[in-house]
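Student: Could you take me closely through the sheet of this model, strand by strand, and then through what packs on it?

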Amino acid sequence: LNFKKTSKWILDNQRPAISKTFEFTDFQQAWNFMSRVAVQAEELNHHPEWFNVYNVVEVTLTTHDVAGLSELDVRMAQSMDEYANELLPTRRYTPEQGIRLNDDLNFKK
């Protein structure tokens with residue numbers, strides 16, 4: 001996996017998880033994002049924790065089976081960044097705070 005293409009996510013300091021908030025132009029765009037993520041989640045059998053209000057989708061990724069972070073979380077994060085950037089091509093998700101997935105996480109196998 002090429003972690004360098006994944007924008008920064010925030011490492012949760014309460015539990016082994018990463019999170020990110022995506023803001024879209026409207027509810028339909030947010031729903032399209034969630035629908036596309038849902039298809040991949042089913043394929044990978046790896047489901048995000050998320051919360052949606054109108055155009056905002058808050059996402060938390062963790063792997064309950066290993067009680068921590070796994071490469072599945074990274075794959076989902078990369079896909080979510082990609083999907084968001086496709087929906088909003090002029091608005092790249094590069095928050096000022098966060099972690100680089102390749103540098104700061106210790107993955108459990």
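Tutor: Accessible areas here come from the Shrake-Rupley method with a 1.4 Å probe, and for residues only the protein chains shown count as cover. On that basis the protein chain exposes about 6,600 Å², of which carbon and sulfur atoms supply 47%. This is a predicted model, in which local features need pLDDT of at least 70 and side-chain atom pairs count only at pLDDT 80 or more, whereas totals for chains, interfaces and linings use all residues. Residues are numbered from 1 along each chain as its sequence is written, and side-chain values use heavy atoms, with hydrogens and water left out.

Helices (H or I, at least four residues) and strands (E, at least two) are DSSP runs numbered from the N terminus, and read along the sequence the protein chain follows the pattern β-β-α-β-β-α-α. Two strands are taken to pair if DSSP finds at least two bridges between them. The four strands form an open sheet in the order E1-E2-E4-E3, with antiparallel pairing. Strand E1 (10-11) and E3 stand at the edges, each with a single partner strand, so one side of each is left without a neighbour in the sheet.

Strand E2 (residues 18-23) pairs with strand E4 (residues 56-61) in the antiparallel sense over six bridges, and Thr-60 in E4 is the bridge partner of Ser-19. Strand E3 (residues 49-53) is joined to E4 by five bridges, and these two strands also run antiparallel. E3 and E4 form a hairpin with two residues between them, and Tyr-54 in the turn has a positive phi of about 50°. Val-53 has Val-56 as its bridge partner in E4, while Phe-51 has Glu-58 as its bridge partner in E4.

Helix H1 (residues 27-44) packs on the sheet, touching E2, E3 and E4 (contact means heavy atoms within 4.5 Å), and its direction makes about 165° with that of E3. Helix H2 (residues 71-87) also packs on the sheet, touching E2 and E4, and its direction makes about 10° with that of E2. For these angles, axes are lines fitted to C-alpha atoms, for helices over the stretch in contact, and the values run from 0 to 180 degrees between N-to-C directions.

A nonpolar core is a set of buried Ala, Val, Leu, Ile, Met, Phe, Trp, Tyr and Cys residues joined through side-chain atoms within 4.5 Å, where buried means under 20% relative accessible area with a 1.4 Å probe, protein chains only. Of the 20 residues in the largest such core, Trp-9, Phe-22, Phe-24, Phe-33, Leu-61 and Met-80 touch the most other members. E2, H1, E4 and H2 are the elements that give two or more residues to this core, and H1 gives the most, with six residues.

Definitions and conventions. Buried means under 20% relative accessible area, exposed over 50%, partly exposed in between (1.4 Å probe, protein chains only).
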